[in-house]
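Here are my notes on this one, as numbered points. Have the model open while you read.

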Amino acid sequence: SAVKFGTKRKDVIVKGILQRAGYIPGEQTLLSLEIQNPNRVSIKRIDVCFIQRYEIEQCRRRLELIRLSVPEVINIHDQNIQASCPLTIPLGIPPSFSYRSKGTRSVVHVDLHYDLKFKLKLHDIKLSYNYQFL
């Protein structure tokens, strides 16, 4: 089923829809955005980042796999904006998982997941929102 998310910051309301919560490498999806901008704040751009996050014991890393700009939202100040952006999940990435061993000598912890991060660049303001894939 579709996944809906949203956030409100600095008089700008962003609502988004992904076609579903889980994807496989190489699969393409469409990200739909609805932006309410009642004060007509100048929206310079919206970037979408697909990020891999992993934690192995105490080591945490974040790797930006994809960054793209939503082409319909560049230097715009409309009150109501609707845009969509195709997103292809990269090939060759492992699935999300979490593992904790319960051995007697040591505990091993491994966590891997993916985030979709939205960065809104308004006139002199940067906003961001993260959505974690399952």
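1. In which strand is Asp47 found? Asp47 belongs to strand S4, residues 43–56. For the record, helices (H or I, at least four residues) and strands (E, at least two) are DSSP runs, numbered from the N terminus.

2. Some ground rules. This is a predicted model, where local features need pLDDT of at least 70 and side-chain atom pairs count only at pLDDT 80 or more, while totals for chains, interfaces and linings use all residues. Residues are numbered from 1 along each chain as its sequence is written, and side-chain values use heavy atoms, with hydrogens and water left out.

3. The overall picture: the protein chain has zero helices and nine strands. Its C-alpha trace spans about 60 × 30 × 25 Å along the principal axes. Of its 134 residues, 38% count as buried; buried means under 20% relative accessible area, exposed over 50%, and partly exposed in between (1.4 Å probe, protein chains only). Taking contacts (heavy atoms within 4.5 Å) with a separation of 6 or more, 53% are between residues 24 or more positions apart.

4. Now the inside. The largest nonpolar core has 31 residues, and those with the most contacts inside it include Ile46, Val70 and Phe118. A core here is a set of buried Ala, Val, Leu, Ile, Met, Phe, Trp, Tyr and Cys residues joined through side-chain atoms within 4.5 Å. Strands S1 (3–9), S2 (12–18), S3 (28–36), S4, S5 (59–76), S6 (80–88) and S8 (109–122) each give two or more residues to this core. S8 supplies the largest share, six residues.

5. Beyond its neighbours within four places in sequence, Ile46 is in contact with Leu33, Ile35, Leu68, Ser69, Val70, Val73, Lys119 and Leu120.

6. Back to Asp47: buried or exposed? Asp47 counts as buried because its relative accessibility is 8%. Its side chain makes a polar contact with the side chain of Arg45 at 3.0 Å. (A polar contact is a pair of N or O atoms within 3.5 Å; within protein, one must be able to donate a hydrogen and the other to accept it, and residues adjacent in sequence count only if both atoms are side-chain atoms.) Outside the four places either way in sequence, Asp47 is in contact with residues including Arg67, Leu68 and Phe118.

7. On charges, the structure holds six salt bridges, each a side-chain nitrogen of Lys or Arg within 4 Å of a carboxyl oxygen of Asp or Glu. One of them pairs Glu64 with Arg67, with the closest N and O atoms 2.9 Å apart. Salt bridges that share partners join Arg45, Asp47, Glu64 and Arg67 into one network.

8. Arg53 and Asp115 form another salt bridge, 2.3 Å between the closest N and O atoms. This pair links distant parts of the chain, since Arg53 sits in S4 and Asp115 in S8, 62 residues apart. Asp115 is buried, at 5% relative accessible area, whereas Arg53 is partly exposed at 22%.

9. Glu27 and Arg20 also meet in a salt bridge, at 2.0 Å from N to O. Glu27 counts as buried at 19% relative accessibility, and Arg20 as partly exposed at 30%.
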